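Here's a quick briefing to read with the model open beside you.

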Amino acid sequence: MSSLSASQGYPVTFRAQRGAAKLIAVAAVAAIAAAGAWFALAPSSKAPETTFTSIQGEKFTTESLRGKVVLVNFWATSCVTCVKEMPMMVETYKKYAPKGYDMVAVAMSYDPANYVLNFAETRQLPFKVALDPVGDIARAFQDVKLTPTSFLIDKQGNIIKRYLGEPDEAEFHATIEKALAG
């Protein structure tokens, strides 16, 4: 009985594996927290120069949006959180568009164009909705893979905030207001 712990009855190797698993879990949580802090505290970077194509076929660039505060929102019709946050995005757009705010909702490459078009039409989305059929726009914006992911861009074209998941409405509006005042 030399390989068993007298107090627990487990082999010593099992206890060691449990300890290692706990250590790995703590390290993973710390790594996620560090990545979150980096995104929150990292200096602003320029938004990538890219061309969007709206569902109406209109082409526009990040450069053409300069002078406005812009939210580039990566989403999918199959994303529950994306669908849930869309009414708030519509209300935010309606509230701040007259003050110089714009929004581009970029559908992920795996989202069928007819689903995106149907979603935008049935919900009467008032902002630009763009397709990203091969994922070039998502790659340009820090290789977005998770939805919803949004980038708030200031009037000079700098990314001032990245949101992963649905943003807190009060904080989101306060950040937009501060950017519009700047």
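Strand 7 (149-153) and strand 8 (158-164) run antiparallel and share five bridges; strands here are DSSP E runs of at least two residues, helices are H or I runs of at least four, and both are numbered from the N terminus. Two strands count as paired if DSSP finds at least two bridges between them. This is a predicted model, where local features need pLDDT of at least 70 and side-chain atom pairs count only at pLDDT 80 or more, while totals for chains, interfaces and linings use all residues. Residues are numbered from 1 along each chain as its sequence is written, and side-chain values use heavy atoms, with hydrogens and water left out.

- Zooming out, eight strands build an open sheet with mixed pairing, in the order 1-8-7-4-5-6-2-3.
- Its edges are strand 1 (45-46) and strand 3 (59-61), each pairing on one side only.
- Helix 3 packs on the sheet and touches strands 4, 5 and 6 (contact is heavy atoms within 4.5 Å).
- The direction of helix 3 makes about 175° with that of strand 6; axes are lines fitted to C-alpha atoms, for helices over the stretch in contact, and angles run from 0 to 180 degrees between N-to-C directions.

**Helix 2**
- Helix 2 covers residues 80-96, and its end C-alpha atoms are 25 Å apart, which agrees with the 24 Å that its 17 residues should span (1.5 Å times one less than the number of residues).
- There's a kink of about 35° at Met 86, shortly before Pro 87; the bend is the angle between axes fitted to the seven residues ending there and the seven starting there.
- Its buried residues include Cys 82, Met 89, Tyr 93 and Tyr 96 (buried is under 20% relative accessible area, exposed over 50%, partly exposed in between, with a 1.4 Å probe and protein chains only).
- Among the elements covering those buried residues are strand 4, strand 5 and helix 5.

**Cores**
- The largest nonpolar core has 28 residues, and Trp 75, Tyr 101, Met 103, Leu 125, Phe 127, Val 129 and Phe 172 touch the most other members; a core is a set of buried Ala, Val, Leu, Ile, Met, Phe, Trp, Tyr and Cys residues joined through side-chain atoms within 4.5 Å.
- Helix 2 gives this core its largest share, seven residues.
- Leaving aside neighbours within four places in sequence, Phe 172 has contacts that include Leu 71, Met 88, Tyr 101 and Tyr 163.
- Apart from that core lies another, of 18 residues, among them Phe 74, Val 104, Ala 138 and Val 144.

- The Thr 147 to Pro 148 peptide bond is cis, with omega near -10°, and Pro 148 lies in the loop between helix 4 (136-140) and strand 7.
- Asp 143 belongs to the loop between helix 4 and strand 7 as well; its phi is positive, about 55°, although it isn't a glycine, and it is partly exposed at 36% relative accessible area.
- Gln 124, another non-glycine with a positive phi, about 45°, lies in the loop between helix 3 and strand 6 and counts as exposed at 65% relative accessibility.
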